[in-house]
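Student: Could we look at this model together and ask what stands behind each label?
Tutor: Gladly, let's start with the picture itself.

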Amino acid sequence: MDTIHDMGGMHGFGNVEPETNEPVFHAEWEARCLALNRAMGAIGAWTIDEGRAGIEMLPPGVYLTSSYYGKWARRLENMVIARGLAGADEIAAGHATRPGAPMKRKLTVADVPRTLTRGSFFRTPSAPARFAVGERVRTKNIHPATHTRLPRYARGHTGTIEAIRGCHVFPDSVTIGAGENPQWLYTVLFEGRELWGENSDPTLRVSIEAFEPYLEPAQL
Amino acid sequence: MTDDDHDHGHHHEEHGSELSEMQLRVRALETVLAEKGYVDPAALDLMIEAYETRIGPHNGARVVAKAWTDPAFKRALIEDATKAVQSLGLINRVGDHLIAVENTPTLHNMIVCTLCSCYPWEVLGLPPVWYKSAPYRSRAVNDPRGVLADFGLTLAPDTQIRVWDSTAETRFMVLPMRPAGTDGWNEDRLGTLVTRDCMVGTGFPKQANEVA
């Protein structure tokens with residue numbers, strides 16, 4: 001989706017403002033919101049990619065004016081409603097009035113250690129990696145209206161395969177209900193000037209983590 | 001927030017009135033999801049406790065201090081950070097996709113996620129607000145020196161800058177350079193020099209004379 005979450009290289013957002021001695025959470029609701037989101041992911045209500053797509057589907061104005069956990073709360077609300085786990089009427093009332101769609105498991109105290117561990121996204125490859133380390137590649141100029149992890153600033157540019165990171169779940173596929181469709185993942189390195197033009201910082205190089213379907217051999 | 005001059009992307013962007021609205025909204029969600037049997041609030045309490053206490057940058061600091069004192073560990077860390085960090089027996093596993101990138105006198109690494117806020121939670125804890133903010137996510141990839149200036153950092157003009165955009169499930173941490181004047185320091189003492197920001201690439205470790 002070409003929307004506001006894809007921020008790399010945009011102007012106008014101002015300076016970065018680090019906070020001295022920042023607390024882990026700034027309000028209790030942020031902590032509850034984080035835990036609730038993690039819990040629903042842990043019981044299989046949605047995958048990490050579907051959760052990200054849920055954030056990206058917030059209207060741009062809402063995205064920009066909501067805090068991080070504010071976005072998480074809105075995403076949680078939208079997704080539990082979309083999946084039939086709770087109704088907007090129940091959330092508005094603050095109480096359940098009927099059973100929700102069945103889930104395979106409940107998030108219990110015994111499950112907590114598992115929720116604190118990141119899953120593995122490695123999958124068995126169905127074919128060898130198409131590109132080799134050191135190979136020149138061009139990112140495709142794609143603009144899917146659905147979730148993708150190829151940022152706009154890195155589309156249609158030539159870079160070098162720096163590393164092969166294994167075969168991973170393909171977010172673009174999971175989020176359209178087409179399964180994990182595992183793909184090789186590469187670190188692709190670009191010169192700053194390739195991305196930003198002649199006035200780029202000459203000392204800058206930027207890499208992205210690119211799934212194989214985003215790439216084609218560079219024209220020689 | 002409607003006014004652009006009201007601290008860009010900072011945590012105050014939800015107005016006070018919205019803060020209480022958010023409290024009510026999240027409480028309603030928790031009540032409904034608990035009543036339906038999807039989550040046990042006691043489990044949420046434990047998760048929050050873990051993020052507030054056990055999962056934080058002190059884990060990453062241990063990794064860095066070990067790498068500064070143990071050349072074999074450092075090689076293992078650069079080779080396969082997932083395996084190397086797990087060998088330290090930190091409380092939580094790191095998943096399968098951790099990558100450590102090393103700063104040198106001629107190369108400075110910075111980590112960002114321009115598309116969301118991917119961050120190596122397992123070694124650094126939850127990301128700070130600035131890491132998730134629009135200013136950082138937009139500028140890190142095309143104006144890293146400007147971003148570093150916001151943190152009070154200046155690099156030599158010829159230092160190469162490498163920005164790692166975390167666009168997949170691989171996660172990155174920076175291995176900063178060991179500060180001068182720390183010969184003979186043990187791991188625990190070195191660990192006191194390691195800040196969260198120096199493991200993201202927006203800071204340097206503390207200098208030897210900054211700690212007791």
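Tutor: Of the 220 residues of chain A, 41% count as buried. This is a predicted model, in which local features need pLDDT of at least 70 and side-chain atom pairs count only at pLDDT 80 or more, while totals for chains, interfaces and linings use all residues. Residues are numbered from 1 along each chain as its sequence is written, with chains lettered from A and ligands numbered from 1 in the order in which they are written.

Student: Why is B:Gln160 called partly exposed?
Tutor: A residue is buried if 20 or more other C-beta atoms, placed from the backbone, lie within 10 Å of its own, exposed if 12 or fewer, and partly exposed in between. B:Gln160 has 15 C-beta neighbours inside 10 Å, so the label is partly exposed.

Student: Which residues does B:Gln160 touch, not counting those up to four places away in sequence?
Tutor: They are A:Thr203, B:Thr106 and B:Leu107. Contact here means that the C-beta atoms, placed from the backbone, lie within 7 Å. As for B:Thr106, its C-alpha is 6.0 Å from that of B:Gln160, although 54 residues separate the two in sequence.

Student: Where in chain B is B:Gln160 found?
Tutor: In strand β3 of chain B. Strands (E, at least two residues) and helices (H or I, at least four) are DSSP runs, numbered from the N terminus.

Student: What makes β3(B) and strand β4 of chain A a pair?
Tutor: Two strands pair if DSSP finds at least two bridges between them. Strand β4 (residues 204-211) of chain A and β3(B) have 4 bridges, in the parallel sense. Within this pairing, A:Leu204 stands opposite B:Ile161.

Student: How many residues are in contact between the two chains?
Tutor: On chain B there are 77, in contact with 78 residues of chain A. The largest share of chain B's side, 12 residues, comes from α1(B). By class, that side has 37 nonpolar, 20 polar and 20 charged residues. Ala, Val, Leu, Ile, Met, Phe, Trp, Tyr, Cys and Pro count as nonpolar, Asp, Glu, Lys and Arg as charged, and the others, Gly among them, as polar.

Student: What are the domains of chain A, and how far apart are their C-alpha centres?
Tutor: Chain A is divided into domain 1 (28-115) and domain 2 (136-217), with bounds from an automatic or database domain assignment. Their C-alpha centres lie 29 Å apart. The contact between them takes 6 residues from domain 1 and 4 residues from domain 2.
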